[in-house]
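Please work through the exercises below with the sequence and the 3D structure open beside you. Each task is followed by a solution that goes step by step.

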Amino acid sequence: MTDTGPLFVSSGDLIADRRYKWALDQASGGDFAGAADILVQTVALAPNFATAWFALGAIRDRLGDRSGAVAAFEQARDADPQDYHGARLQLARLGSGDTTPAMSETYVRRLFDQYAARYDAALTEHLAYRGPALLRQAVDEAMRASHRPVRFGSMLDLGCGTGLAGAALRSVVDRLVGVDLSPAMIAQAATKNLYDRLVASDLTSFLTDEIANAATYDLVLASDVFVYVNDLSPIVAGVARVLSSDGLFAFTVETHLGDGAKLLPTLRYAHGEPYIRRTLGEAGLAPVSIARAAVRSEKGVPVDSLVVIAQPSTTVHPPASSGA
């Protein structure tokens, strides 16, 4: 899921709000230069109008005015400390400032609250999303390779969204817990009656609470979640502490040929395989398998991804090499 446009938040000035909406009307009619001129007038009236600054940045970017876009996105960022619109991500995309900024909780929550009602259809019908199916297959193969039945007493679904991954594993799980930052996504998941427990929370805080409560899980799964996280270390470390001694950690990431995290033009993060291996190792985990696959498509083009299965390093078998 990507998002590059502003969601209207009033400036508190009726005239400025009207000019902003007029500018969007001009842009929708194809007059981007005219829209930019109106937005310049708008922010002159309301200098802290983050939504208008963001829209001005997006329109200038479309017009090929990189320096003007950067200047507008910087103003949007400064006027909105919570980064509701994702101005920091746009600046990173344009090569200005931090190249791998963390996505703010406010931005991610707003993004998914906005898309919750149509999320399933968007992923399965338009993006050829098959992350849950690939993870189910990889989990099955890992269990069978270790001569264990494909059955789990408890599973934690990180970033559970509307429950697509939960649905793929529910039949082999006795107790299913889901956590997601977006309350609207949690509400959609609740309607499917898949989960024994659903929590609206950021992942790191949730894992911290679970550690404090001595919770353990036999399977922890994160499908298409880490594309919204630049630094995976805190989450992976938390997972290692709630994972049972012979449990599995299964997740997908979009990937690139280098190391570390990289912000893609889609405003999603890709993580290099060396980074994944290093982050797992630092948390006391080791890969059982790392396989290349296309978890989803973007504009009809398969997105290069990794499907990863890991275990506590004291119980893990030698890792399988990446497949093409």
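Predicted model: local features only at pLDDT ≥ 70, side-chain atom pairs only at ≥ 80, totals over all residues.

**Exercise 1.** Describe how the axes of helix α11 and helix α12 are placed, and state which residues make the contact.

*Solution.* Begin with the axes: those of α11 (residues 203-212) and α12 (residues 233-242) come within 9 Å and cross at roughly 25°. Angles under 35 degrees count as roughly parallel, and α11 and α12 are therefore roughly parallel to each other. The handedness comes next, and the crossing of these two helices, α11 and α12, is left-handed. On the α11 side the contact is made by Leu203, Thr204, Leu207, Glu210 and Ile211, while α12 contributes Pro234, Ile235, Gly238, Val239, Arg241 and Val242. Sorted by class, this contact of α11 with α12 has 7 nonpolar, 2 polar and 2 charged residues.

**Exercise 2.** Determine the volume of the largest pocket and which element gives the most to its lining.

*Solution.* The largest pocket has a volume of about 620 Å³. Of its 34 lining residues, Val108, Leu203, Val225, Tyr228 and Val229 are the closest to the centre. At least two lining residues each come from α6 (105-115), β1 (152-158), α9 (164-169), α11 and α12, and α6 gives the most, with 4 residues. The lining of the largest pocket divides into 19 nonpolar, 8 polar and 7 charged residues.

**Exercise 3.** Identify the elements that give two or more residues to the lining of the second largest pocket.

*Solution.* The second largest pocket, with a volume of about 150 Å³, is lined by residues including Leu134, Gln137, Arg292 and Val307. The elements that give two or more residues to this lining are α8 (131-145) and β8 (285-298). By class, the lining of the second largest pocket has 5 nonpolar, 2 polar and 2 charged residues.

Definitions and conventions:
Residues numbered from 1 in each chain as written. Heavy atoms only, no water. Axes fitted to C-alpha atoms, helices over the stretch in contact; angles between N-to-C directions. Parallel < 35°, antiparallel > 145°, perpendicular 65-115°, else oblique. Left-handed = near helix turned anticlockwise from the far one by under 90°. Contact = heavy atoms within 4.5 Å. Nonpolar A, V, L, I, M, F, W, Y, C, P; charged D, E, K, R; others polar. 1 Å grid on protein atoms, 1.4 Å probe; cavity = no way out; pocket = protein on both sides within 12 Å on 5 of 7 lines; lining within 4 Å. Points joined across faces, edges and corners; volume = space filled by probe spheres on them.
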